[in-house]
Amino acid sequence: MMPNQDYPTYNGIVPSWADIKVSITPEGGSILDTADIIGIKTSEKVEVGKKRGASGGRVTARTTGSVDYECSMTLTQDGLKRYKQALMENAPERGNQLLISLVHHDITIQFTPPGTTEIYELKIKGCRYMGASQDFKEGNDVNSAEVALDCIEIVEIIDGKEVVCL
């Protein structure tokens with residue numbers, strides 16, 4: 001019987017969260033290498049314009065389009081504090097307030113599955129902190145915060161080249 005190949009594996013082992021290293025680099029600030037990230041979500045979508053023909057409205061051509069990126073990360077309460085402290089280092093001031101949402105930063109995600117030498121890398125460029133949603137609840141789970149980010153570009157590094165949607 002043939003093995004099930006519906007889900008790819010690397011030498012029989014798939015990468016997990018334990019294999020991932022995440023570093024956050026605020027513009028002009030210290031690198032924040034955090035173990036307090038619970039998760040990161042990214043998405044990218046290309047929207048194209050369409051030229052329709054006079055007969056039946058069939059698509060006859062399309063534009064190159066534009067890409068939209070979305071990103072968020074979930075942090076522990078300690079991680080959220082360290083993340084904000086890293087942004088505070090170069091945040092502009094307004095009176096006695098620090099405007100952390102104006103500090104640009106990059107997020108680099110790297111992982112190497114066990115048993116391989118391949119390095120997988122994803123860079124989220126030009127991020128800005130857009131706010132956080134706190135999650136305090138009864139139980140044994142760690143208190144966490146969902147951080148909304150606005151980013152300029154998400155690139156995957158493959159063979160030394162930055163691969164993007166558009």
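**Exercise 1.** With which residue does lysine 45 form a salt bridge, and how far apart are the closest N and O atoms?

*Solution.* The model is a predicted one. In this model, the partner of lysine 45 is glutamate 47, and the closest N and O atoms are 3.7 Å apart. Next, consider accessibility: lysine 45 has a relative accessibility of 53% and counts as exposed, while glutamate 47, at 43%, counts as partly exposed.

**Exercise 2.** Determine which parts of the chain the salt bridge of aspartate 36 and arginine 82 ties together.

*Solution.* Begin with the pair itself: the two side chains meet in a salt bridge of 2.1 Å, N to O. Aspartate 36 lies in the loop between strand S2 (32–33) and strand S3 (37–47), and arginine 82 lies in helix H1 (residues 77–88), so the bridge ties together parts that are 46 residues apart in sequence. Finally, aspartate 36 has a relative accessible area of 17% and is buried, whereas arginine 82, at 37%, is partly exposed.

**Exercise 3.** Is threonine 76 buried or exposed? Describe its surroundings.

*Solution.* First, locate the residue: threonine 76 belongs to strand S6 (residues 66–76). Buried means under 20% relative accessible area; threonine 76 has 13%, so threonine 76 is buried. Next, leaving aside neighbours within four places in sequence, the contacts of threonine 76 are Asp36, Ile38, Val142, Asn143 and Ser144. Lastly, a polar atom of the threonine 76 side chain lies 3.0 Å from the backbone nitrogen of glycine 79.

Notes. Residues numbered from 1 in each chain as written. Predicted model: local features only at pLDDT ≥ 70, side-chain atom pairs only at ≥ 80, totals over all residues. Heavy atoms only, no water. Helix = DSSP H or I, 4+ residues; strand = E, 2+ residues; numbered from the N terminus. Buried < 20%, exposed > 50% of the residue type's maximum accessible area, 1.4 Å probe, protein only. Polar contact = N/O pair within 3.5 Å; in protein donor to acceptor, adjacent residues only side chain to side chain. Contact = heavy atoms within 4.5 Å. Salt bridge = Lys/Arg side-chain N within 4 Å of Asp/Glu carboxyl O.
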